[in-house]
Amino acid sequence: MDQQTASTSLAQEQSKHLQKSLGRFDILLLVVAAVISVEVLGQVSGFGGETFTWTLILAITFLIPYGLIFAETGGAFTEEGGVYVWTKMAYGRAIAAITSLFTWVTQPVWVGGAMSFVAVETWSEYVGHVEAGGVWDYLFKLAFIWITVTSAIISLKRGKWLPSLGAILKVVFLTFFIIVTLVYGLQHGFNGLDLGFFSPTLAGFLGVTPLLLFSFLGFESGNSAAGEMKNPAKDVPISVARSSMIAAASYLLPILAILLVVPLDQITGISGLFGAVATVYSVFGPAAQAMLAVSAVVFCFILVSQGAAWMIISDRMQAMAAADGSFFGGFFGRFHPKLGTPIRVNTLSGVVATFFMFAAMQLSGTSSALFQVVLTIAISTFLLSYLFAIPAAVRLRSKYPLAERPFKVPVSDAVFRLMGAICFAWILIGSWVAIFPGTLDMLFGLTYDFDTAWGVSQFTFEAFALGTLCCILALGIVGYVRGKKVREGVASAEVPDAGLHSEGSPSEGSHGSGSLLPGG
């Protein structure tokens with residue numbers, strides 16, 4: 001195998017520290033904890049009834065083909081590192097390095113610059129007041145960030161309890177909210193919704209697409225820890241299928257519930273969901289405030305567990321990239337020999353999240369506007385990674401046709417490529433809208449008031465967005481150049497070739513998950 005796809009000596013060495021501690025149910029809970037983004041429910045609902053319509057459309061035209069593609073890929077290629085490994089196998093190490101970096105950096109940006117803001121706003125509103133910009137505001141956000149980091153540092157066997165419990169509470173919280181909404185509606189009536197209210201528009205499509213794509217992406221993320229799964233070949237496809245169905249229901253039903261009880265002009269990115277919760281909890285009478293406080297605490301815990309799940313997943317992928325010579329000189333590619341966790345990347349994630357939290361705090365505007373801007377930055381970096389990841393997953397089917405696939409989508413290669421093309425088109429549109437909002441609206445003759453839509457000037461937004469992307473690219477280039485010595489240390493010892501011979505050539509090996517990266 002050539003040097004572009006062979007694993008390094010450092011990667012082979014670090015694979016010995018991985019501890020198999022994830023069963024099928026663990027994988028499902030980890031993915032549910034990470035992917036279902038309850039904090040964006042209010043944001044997407046702000047587009048009105050058509051939000052429900054576009055969510056349903058994307059669930060059919062994007063989520064289904066995307067889930068099928070990565071269920072097949074995740075079950076067939078089960079090395080630690082997930083998307084990084086797949087992209088390297090398809091296009092080489094340089095493209096994989098950028099893909100991995102965009103995927104990884106999304107998480108600390110999102111945790112530090114968006115999720116911590118939602119958590120403190122919710123706590124301040126319903127549990128105990130926290131002065132915006134005050135000492136306790138900063139301390140709350142710092143605690144939020146470093147709890148997520150700590151859960152990723154400790155061994156996966158122990159650290160997985162936080163996202164697992166968070167996933168269970170997330171489903172229980174949303175289910176309880178929907179039930180209470182039905183009770184409220186029977187007592188007080190629902191908003192007058194008709195078919196016209198749900199009619200999709202071009203403006204709504206351009207506004208909601210990036211948010212929905214961000215909400216639907218990540219079901220393959222568990223493969224970043226595939227080397228720590230007990231039976232990834234069989235468990236990953238099942239987990240992808242089950243978690244995607246849970247996600248579809250977890251978005252469609254709460255969005256509809258929010259629209260049924262909260263006036264459209266009162267829905268904002270931070271308070272939209274809890275605005276609906278506060279409204280329907282009136283059915284509890286004098287106990288409503290206590291119920292709101294309890295729900296707010298649960299909601300904050302869910303957010304912490306969500307951030308922890310992504311830190312656990314994405315940090316492992318970036319550590320694999322570092323061990324493979326794609327991110328600096330191997331310093332970040334070390335796994336703790338006893339804990340089996342990439343402590344150095346975990347710490348780096350905490351530092352990046354902290355930096356981005358401080359940077360976001362310096363922006364002028366309301367808390368809702370800041371949340372919207374930072375969330376969009378995270379969306380853009382995450383979507384950009386899939387412009388490489390989706391084509392890579394599609395290419396692996398034809399490049400390695402003899403690799404054992406416990407689950408294979410029952411379609412021809414041509415139809416499989418068509419599924420990938422549809423998903424790629426969605427991601428391309430979402431990426432453009434996230435980075436350059438309003439441009440397509442004006443292209444199609446739609447009115448677009450940037451300051452009103454975002455709460456900040458267009459210059460401030462683009463400077464923050466493009467500045468962040470340029471910094472990430474610069475980091476990626478420097479990191480890749482600095483990893484040259486690690487890349488030169490290609491592992492000399494033979495490892496199982498896993499049946500991965502390209503372009504249909506035969507193989508006598510069997511596909512195992514023991515090696516860290518495919519190679520020889």
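Me: Hi! At what angle do the axes of helix H2 and H13 cross?
Reply: Hello! This is a predicted model, and in it the axes of H2 (residues 24-35) and H13 cross at roughly 115°, coming within 7 Å. That makes H2 roughly perpendicular to H13.

Me: Is that crossing left-handed or right-handed?
Reply: H2 passes H13 in a left-handed crossing. On the H2 side the contact is made by Leu-30, Ala-33, Ala-34 and Val-35, and on the H13 side by Ser-305, Gln-306, Ala-309, Trp-310 and Ile-313.

Me: And what classes do the residues of that contact divide into?
Reply: Where H2 meets H13, seven residues are nonpolar, two are polar and none is charged.

Me: Let me zoom out. How many helices and strands are in the chain?
Reply: The chain has 20 helices and zero strands. It has 520 residues, and buried ones make up 59% of them. Among contacts with a separation of 6 or more, 85% come from residues 24 or more positions apart.

Me: Which residues touch the most other members of the largest nonpolar core?
Reply: Those are Phe-62, Tyr-66, Trp-110 and Ile-427, in a core of 158 residues. Helix H13 (residues 288-323) gives the most to this core, with 18 residues.

Me: What does Phe-62 touch, then?
Reply: Leaving out residues up to four places away in sequence, Phe-62 touches Ile-57, Leu-213, Phe-216, Leu-217, Cys-423, Trp-426 and Ile-427.

Me: New topic: where is Thr-55, and is it buried or exposed?
Reply: Thr-55 sits in helix H4 (residues 50-76). Its relative accessible area is 0%, so Thr-55 is buried. Beyond its neighbours within four places in sequence, Thr-55 is in contact with Leu-212, Phe-216, Tyr-251, Leu-252 and Ile-255.

Me: What about Thr-99, which helix does it lie in?
Reply: Thr-99 lies in H6 (residues 93-126). Thr-99 counts as buried because its relative accessibility is 0%. Not counting residues up to four places away in sequence, Thr-99 touches Val-83, Thr-87, Ser-385, Phe-388 and Ala-389.

Me: Why is helix H5 described as largely enclosed by the rest of the structure?
Reply: Because eight of the nine residues of H5 (residues 83-91) are buried. The buried ones are Val-83, Tyr-84, Val-85, Trp-86, Thr-87, Lys-88, Met-89 and Ala-90. Just after H5 comes Gly-92, with a positive phi of about 100°.

Me: Which residue has a positive phi although it is not a glycine?
Reply: Phe-328 does, at about 65°. Most residues other than glycine have a negative phi. Phe-328 is in the loop between H13 and helix H14 (343-361). Its relative accessibility is 18%, so Phe-328 counts as buried.

Me: Back to helices. How do the axes of H6 and H7 cross?
Reply: They cross at roughly 125° and come within 9 Å, with H7 covering residues 135-153. That makes H6 oblique to H7, and the crossing is right-handed.

Me: Which residues meet there?
Reply: From H6 there are Val-111, Gly-112, Met-115, Ser-116, Phe-117, Ala-119, Val-120 and Trp-123, which meet Asp-137, Phe-140, Lys-141, Phe-144, Ile-145 and Thr-148 in H7. By class, the contact of H6 with H7 has nine nonpolar, three polar and two charged residues.

Note on methods: Residues are numbered from 1 along each chain as its sequence is written. This is a predicted model: local features need pLDDT of at least 70, side-chain atom pairs count only at pLDDT 80 or more; totals for chains, interfaces and linings use all residues. Side-chain values use heavy atoms; hydrogens and water are left out. A nonpolar core is a set of buried Ala, Val, Leu, Ile, Met, Phe, Trp, Tyr and Cys residues joined through side-chain atoms within 4.5 Å. Buried means under 20% relative accessible area, exposed over 50%, partly exposed in between (1.4 Å probe, protein chains only). Helices (H or I, at least four residues) and strands (E, at least two) are DSSP runs, numbered from the N terminus. Contact means heavy atoms within 4.5 Å. Axes are lines fitted to C-alpha atoms, for helices over the stretch in contact, and angles run from 0 to 180 degrees between N-to-C directions. Angles under 35 degrees count as roughly parallel, over 145 as roughly antiparallel, 65 to 115 as roughly perpendicular and the rest as oblique. A crossing is left-handed if the near helix is turned anticlockwise from the far one by less than a right angle, and right-handed if clockwise. Ala, Val, Leu, Ile, Met, Phe, Trp, Tyr, Cys and Pro count as nonpolar, Asp, Glu, Lys and Arg as charged, and the others, Gly among them, as polar.
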